[in-house]
Amino acid sequence: MIMQLFDSHCHLDDEKFDLDRAEAIARMREAGVTRCTCVGSDLPSSRRCLDLAQQYDFIYAAAGVHPHEAKDAPADYLEQLKALLAQPKCVALGEIGLDYYYDFSPRDIQKQVFSEQLELAWQLDVPVILHIRDAHGDAYDMLRARADRLPQGVIHCCSASAELVREYIKMGFYVSFAGPITFKKAASVVSASQTVPLERLLIETDSPYLTPVPLRGQRNEPAYVRYVLEKQAEVHGVSAEELAQITTQNAMRLYRIPA
Ligand code: NI
């Protein structure tokens with residue numbers, strides 16, 4: 001069987017691809033990664049993602065303001081996001097969330113920008129891509145507080161405990177894992193992943209970051225999503241072929257991409 005993989009979260013717009021973007025995209029296709037979603041972290045990067053999506057029919061875009069960039073969001077950022085999300089190839093609002101590990105933006109501003117974008121996603125009925133790092137307590141409270149106005153979405157590069165993952169699943173979210181599941185000290189990520197039903201599981205690279213084993217130390221790229229797939233297949237006790245098909249279908253469903 002020929003595998004078709006979907007890298008549900010990458011940053012092909014990143015400057016680390018400036019010297020060989022077309023080659024990385026070609027390698028992705030050769031590796032059987034037939035689709036990917038290029039995820040924005042601020043308005044300029046969201047625009048670059050959309051440009052790529054308009055250039056390549058198998059690339060999709062997400063537009064959003066990352067918690068790191070929350071403090072620099074212009075006053076009209078919601079209007080600008082709305083315009084980007086009106087484009088057919090822009091399939092999600094993200095990445096958005098809370099990051100208390102780096103605290104690059106003050107926490108009250110992170111929360112405000114996260115909350116406003118959740119509301120926009122709800123109003124526009126588009127899925128969200130959630131980045132939550134060392135902030136699962138506040139993020140979970142914010143999501144639960146708006147349980148009746150909660151957009152669909154995915155917990156990307158999930159670092160939550162198995163217990164919390166179960167709660168996110170109950171809220172209807174998909175859960176995605178990246179390279180860290182292949183790392184040596186991955187026991188907690190592995191046990192969190194095991195609580196995710198297969199129909200809610202996604203795979204991603206988050207490239208150029210989080211390169212999976214055995215390529216750790218190099219720049220990551222979408223072609224390497226198969227290492228995440230293979231590890232997940234092992235964790236869930238299914239074949240890589242089967243999991244490729246399932247995770248691709250899941251990504252298509254989340255991002256509402258017609259088959
Ligand atoms: Ni990312």
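Student: Is R146 buried or exposed?

Tutor: Keep in mind that this is a predicted model. The relative accessible area of R146 is 12%. Buried means under 20%. So R146 is buried.

Student: Which residue forms a salt bridge with R146?

Tutor: Side chains of opposite charge can pair when their charged atoms come close. For R146, the closest N and O atoms of the pair are 3.0 Å apart. R146 sits in the loop between α5 and β6, and its partner lies in helix α4, 27 residues apart. The partner is E119.

Student: Where is L150, and is L150 buried or exposed?

Tutor: L150 lies in the loop between α5 (136–145) and β6 (153–155). Its relative accessible area is 15%. The cut-off for buried is under 20%. So L150 is buried.

Student: Which residues is L150 in contact with, leaving aside neighbours within four places in sequence?

Tutor: In soluble globular proteins, nonpolar side chains tend to be buried together. Set aside the neighbours within four places in sequence. The contacts of L150 are then W122, L143, M171 and F173.

Student: Which residues touch the most other members of the largest nonpolar core?

Tutor: This core holds 73 residues. One of those asked for is Y168, which touches I132, H136 and A139, among others beyond four places in sequence.

Student: How many residues are in the second, separate core?

Tutor: Among its members are A62, V91, V154 and Y255. The core is separate, and its residue count is 15.

Student: What is the N to O distance in the salt bridge of D103 and R107?

Tutor: D103 is partly exposed, because its relative accessibility is 33%. R107 is also partly exposed, at 40%. Their side chains meet in a salt bridge. The N to O distance is 2.9 Å.

Student: How many salt bridges does a search of the whole structure find?

Tutor: Some salt bridges link up in a network, as with D20, R27, R219 and E221. A search of the whole structure gives the total. The number is 15.

Methods:
Residues numbered from 1 in each chain as written. Predicted model: local features only at pLDDT ≥ 70, side-chain atom pairs only at ≥ 80, totals over all residues. Heavy atoms only, no water. Helix = DSSP H or I, 4+ residues; strand = E, 2+ residues; numbered from the N terminus. Buried < 20%, exposed > 50% of the residue type's maximum accessible area, 1.4 Å probe, protein only. Contact = heavy atoms within 4.5 Å. Salt bridge = Lys/Arg side-chain N within 4 Å of Asp/Glu carboxyl O. Core = buried A, V, L, I, M, F, W, Y, C linked by side-chain atoms within 4.5 Å.
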